[in-house]
2 protein chains.
Amino acid sequence: MSEKIAFLGLGNLGTPIAEILLEAGYELVVWNRTASKAEPLTKLGATVVENAIDAITPGGIVFSVLADDAAVEELFSMELVEKLGKDGVHVSMSTISPETSRQLAQVHEWYGAHYVGAPIFARPEAVRAKVGNICLSGNAGAKERIKPIVENFVKGVFDFGDDPGAANVIKLAGNFMIACSLEMMGEAFTMAEKNGISRQSIYEMLTSTLFAAPIFQNYGKLVASNTYEPVAFRFPLGLKDINLTLQTASDVNAPMPFADIIRNRFISGLAKGRENLDWGALALGASDDAGLTK
Amino acid sequence: MSEKIAFLGLGNLGTPIAEILLEAGYELVVWNRTASKAEPLTKLGATVVENAIDAITPGGIVFSVLADDAAVEELFSMELVEKLGKDGVHVSMSTISPETSRQLAQVHEWYGAHYVGAPIFARPEAVRAKVGNICLSGNAGAKERIKPIVENFVKGVFDFGDDPGAANVIKLAGNFMIACSLEMMGEAFTMAEKNGISRQSIYEMLTSTLFAAPIFQNYGKLVASNTYEPVAFRFPLGLKDINLTLQTASDVNAPMPFADIIRNRFISGLAKGRENLDWGALALGASDDAGLTK
């Protein structure tokens with residue numbers, strides 16, 4: 001527990017992760033763009049800094065849990081990475097483009113530091129229950145160093161090798177498959193509903209048999225009732241992720257026709273004023289198309 | 001066990017079901033278009049008939065497990081249904097259109113017989129392991145009468161009410177969702193592969209966490225290795241089912257954009273000579289599009 005950790009980004013996911021690390025006995029120096037979000041962590045022993053760079057210990061470890069590519073690129077300036085310096089490790093947990101990870105990793109290596117792609121599959125409540133899963137990719141020694149730390153807040157750690165962008169590819173693929181699961185349930189439940197079958201009964205049958213997995217059971221509840229509040233993952237973030245997926249796929253010349261449909265569902269949802277719903281609301285598109293919504 | 005049962009159709013699914021019923025002590029009179037397929041069942045005590053109508057007991061029970069709508073409509077002629085007659089029950093297990101089921105049910109009711117839609121979710125090996133699931137819909141009394149019989153060869157029985165077509169809607173929705181699962185894995189694994197990540201490693205991560213359901217674990221193995229032999233469910237049957245899904249959805253004005261993509265995957269697969277592969281081979285489409293297959 002002697003590692004002093006810089007922790008940058010205290011949103012819905014960052015906050016519970018920081019809390020768990022503090023409870024596990026790590027010394028945390030935390031930073032958030034909106035400083036007021038950091039204050040409650042001082043009760044658990046965190047030190048709050050005003051400038052992200054002041055959180056960095058040379059040769060130490062820094063976690064980042066930020067909104068998007070631009071936020072990570074802006075925060076990890078040359079100056080900050082230079083301070084992190086030789087043997088420093090950046091655990092980059094944001095869902096960003098694999099290409100951004102690869103470029104950032106080069107900058108880190110230039111200064112002797114290591115960039116580890118470390119996106120997490122977990123809603124905030126899954127972090128608190130320690131049932132989430134994390135994908136890691138990047139420098140082997142750096143991954144070994146941080147594994148005991150991340151094991152405090154996830155159930156599974158999956159290693160995807162040396163390419164710092166690989167873990168991001170898996171994260172985007174996983175989110176894409178969740179979005180597809182929402183759409184397919186939306187279409188199937190709507191066909192059932194228009195045949196006089198309750199959405200609840202098809203949901204119960206399929207998610208207790210063929211599709212007895214958490215994704216279908218949990219998101220299926222939303223699709224069965226077509227209720228997308230409260231919000232666990234905001235609708236516009238779904239569009240951000242599917243755009244990253246399609247860009248990543250396009251970069252390697254891999255067409256993804258399902259992803260194209262998902263993207264248009266999100267765009268249409270924004271046109272219909274759904275920006276404040278959970279991203280599961282993409283499944284409303286099938287109901288809209290069938291004339292079931294107003 | 002006193003019920004004498006007519007059993008029509010001894011294909012990949014019908015045969016193991018008939019075997020289980022014989023082993024459970026039921027008296028079976030069996031018929032198959034290709035009579036040679038029925039012969040082995042005589043060792044288990046089945047009586048083989050040359051004409052389907054000779055298998056029917058007035059007021060008794062008849063199971064049918066046939067290839068498609070046309071086969072069911074042809075076999076269940078007015079003459080045969082009249083012989084089945086008052087209180088007779090037809091357990092119709094084929095994957096056919098809900099509309100065909102509704103029309104057949106009317107003919108049955110005319111003669112005092114009952115038609116129960118009873119499609120099963122099970123590959124042949126799942127029937128033998130008794131881990132499949134069956135959906136029932138139709139006359140309530142008829143369903144009660146046949147439940148103890150079907151419970152010999154499935155794990156779960158799901159009741160979808162009085163509409164004889166409802167169970168078929170669920171079956172089509174389920175097969176549609178399986179096909180979508182194949183396509184989404186095809187797209188996701190291909191994006192990973194073209195980023196230098198092995199299909200096997202993304203398969204293992206996702207199907208042991210978010211997508212830890214039999215459909216993803218079993219079909220995912222095929223998609224990870226892009227190997228679609230041996231055949232459990234023939235490729236052209238996949239096209240038959242998705243065509244039924246799209247027709248059923250169109251009948252109630254419910255657009256299904258994912259189903260449209262799936263349909264074109266099957267059509268393209270036939271154009272590429274894949275008619276003798278398992279229907280999982282629809283996932284090859286994503287690899288084709290990305291230039292990974294020849």
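A residue counts as buried when its relative accessible area is under 20%, as exposed when that value is over 50%, and as partly exposed in between. The exercises below apply this to a predicted model.

**Exercise 1. Locate A:Lys171 in chain A, decide whether A:Lys171 is buried or exposed, and list what A:Lys171 touches.**

Step 1. The residue is picked out by the UniProt record, an unreviewed entry, whose annotation "active site" covers A:Lys171.

Step 2. Along chain A, A:Lys171 is found in helix α7, which runs over residues 166-193.

Step 3. The relative accessibility of A:Lys171 is 8%, and because buried means under 20%, A:Lys171 counts as buried.

Step 4. Leaving aside residues up to four places away in sequence, A:Lys171 touches A:Thr95, A:Pro119, A:Ile120 and A:Phe121.

**Exercise 2. Classify A:Asp159 by its accessibility and work out which partners its side chain reaches.**

Step 1. A:Asp159 has its place in strand β9 of chain A, residues 156-159.

Step 2. With a relative accessibility of 39%, A:Asp159 counts as partly exposed, since this class lies between the 20% and 50% limits.

Step 3. When residues up to four places away in sequence are not counted, A:Asp159 touches A:Leu136, A:Lys143 and A:Lys147.

Step 4. One of these, A:Lys143, has a side chain that makes a polar contact with the side chain of A:Asp159 at 2.8 Å, while the backbone nitrogen of A:Gly161 is reached by the side chain of A:Asp159, also at 2.8 Å.

**Exercise 3. Describe the interface of chain B and chain A by its area, its polar pairs and the elements that supply the side of chain B.**

Step 1. Contact joins 58 residues of chain B to 58 residues of chain A, and the area buried between the two chains is about 4,900 Å², with carbon and sulfur atoms giving 81% of this area.

Step 2. In chain B, the residues that lose the most area to chain A are B:Met177, B:Met191 and B:Phe258, which together account for 16% of what that side buries.

Step 3. Between chain B and chain A there are zero salt bridges, whereas six residue pairs across the interface are in polar contact.

Step 4. The elements of chain B that each supply at least two residues to the side touching chain A include β8 (133-136), α7 (166-194) and α11 (257-271); α7(B) gives the most, with 20 residues.

Step 5. By class, this side of chain B has 40 nonpolar, eleven polar and seven charged residues.

How values were computed. Residues are numbered from 1 along each chain as its sequence is written. Chains are lettered from A and ligands numbered from 1 in the order in which they are written. This is a predicted model: local features need pLDDT of at least 70, side-chain atom pairs count only at pLDDT 80 or more; totals for chains, interfaces and linings use all residues. Side-chain values use heavy atoms; hydrogens and water are left out. UniProt positions are given in the numbering used here, feature names are shortened, and annotations may be inferred rather than shown by experiment. Helices (H or I, at least four residues) and strands (E, at least two) are DSSP runs, numbered from the N terminus. Buried means under 20% relative accessible area, exposed over 50%, partly exposed in between (1.4 Å probe, protein chains only). Contact means heavy atoms within 4.5 Å. Buried area is the accessible area (1.4 Å probe) that two parts lose on being put together, summed over both. A salt bridge is a side-chain nitrogen of Lys or Arg within 4 Å of a carboxyl oxygen of Asp or Glu. A polar contact is a pair of N or O atoms within 3.5 Å; within protein, one must be able to donate a hydrogen and the other to accept it, and residues adjacent in sequence count only if both atoms are side-chain atoms. Ala, Val, Leu, Ile, Met, Phe, Trp, Tyr, Cys and Pro count as nonpolar, Asp, Glu, Lys and Arg as charged, and the others, Gly among them, as polar.
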